[in-house]
Amino acid sequence: MKYDLKDLNHWMEKQVYLNIGSFLLGVATLGIDTTPMEGIDVKELDEEFGLREKGYTALVAVSIGYRAESDFNSTDKTPTSRLPESEIFIEI
């Protein structure tokens, strides 16, 4: 990857996202809510945590916590809506 395709950074980003997926699933089993966030100010995060001095840089952030009991978006209070299976799947 590093020498032939010269896309080591792209490959490493994909590895981070694979691990984030596992983290999100694992935390959900504990009843904790998470949200991955892109579009963050990575330079600000790098400075805040001294990442560049350590040879790292931020890529993504994940918020983690518990939802408020008063959250009207909670699936406990609002039923999840889905399209009918006939609109989603096509049998070949």
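## Basis

The model is predicted: local features need pLDDT of at least 70, side-chain atom pairs count only at pLDDT 80 or more, and totals for chains, interfaces and linings use all residues. Residues are numbered from 1 along each chain as its sequence is written, and side-chain values use heavy atoms, with hydrogens and water left out.

## Fold and burial

The protein chain has 3 helices and 2 strands, in the order α-β-α-β-α from the N terminus. Helices (H or I, at least four residues) and strands (E, at least two) are DSSP runs, numbered from the N terminus. Of the 92 residues, 11% count as buried. Buried means under 20% relative accessible area, exposed over 50%, and partly exposed in between (1.4 Å probe, protein chains only).

G65 belongs to strand β2 and is partly exposed at 25% relative accessibility. The C-alpha atoms of G65 and T34 are 6.5 Å apart, although 31 residues separate the two along the chain.

## Salt bridges

A salt bridge is a side-chain nitrogen of Lys or Arg within 4 Å of a carboxyl oxygen of Asp or Glu. By this rule there are 2 salt bridges. One joins the side chains of R67 and D33, at 2.7 Å from N to O. R67 is in the loop between β2 and α3 (85-88) and D33 in strand β1 (residues 33-37), so this pair ties together parts that are 34 residues apart in sequence. Both partners are partly exposed, R67 at 37% relative accessibility and D33 at 26%.

The other pairs R52 with D46, with the closest N and O atoms 2.8 Å apart. Here R52 is partly exposed, with a relative accessible area of 49%, whereas D46 is buried at 1%.

## Largest pocket

The largest pocket has a volume of about 500 Å³. A pocket is defined on a 1 Å grid over the protein atoms alone, as an open set of points where a 1.4 Å probe fits, with protein on both sides within 12 Å along at least five of seven lines; lining residues have an atom within 4 Å of a point. Grid points are joined across faces, edges and corners, and the volume is the space filled by probe spheres set on the points.

The lining has 17 residues, of which V16, T57, A58, L59 and V60 lie nearest the centre. Helix α1 gives the most, with 6 residues; α1, α2 (42-49) and β2 (61-65) each supply at least two. By class, the lining divides into 13 nonpolar, 3 polar and 1 charged. Ala, Val, Leu, Ile, Met, Phe, Trp, Tyr, Cys and Pro count as nonpolar, Asp, Glu, Lys and Arg as charged, and the others, Gly among them, as polar.

## Surface patch

L8, W11 and M12 make a nonpolar surface patch of about 260 Å². Patch residues have over 30% relative accessible area and no salt bridge, and nonpolar side chains (Val, Leu, Ile, Met, Phe, Trp, Tyr) are joined within 5 Å. Accessible areas come from the Shrake-Rupley method with a 1.4 Å probe; for residues, only the protein chains shown count as cover. L8 lies in helix α1 (residues 8-29) and is partly exposed, with a relative accessible area of 31%.

Notes
Patches are made of residues with over 30% relative accessible area and no salt bridge: like charges are joined within 9 Å, nonpolar side chains (Val, Leu, Ile, Met, Phe, Trp, Tyr) within 5 Å.
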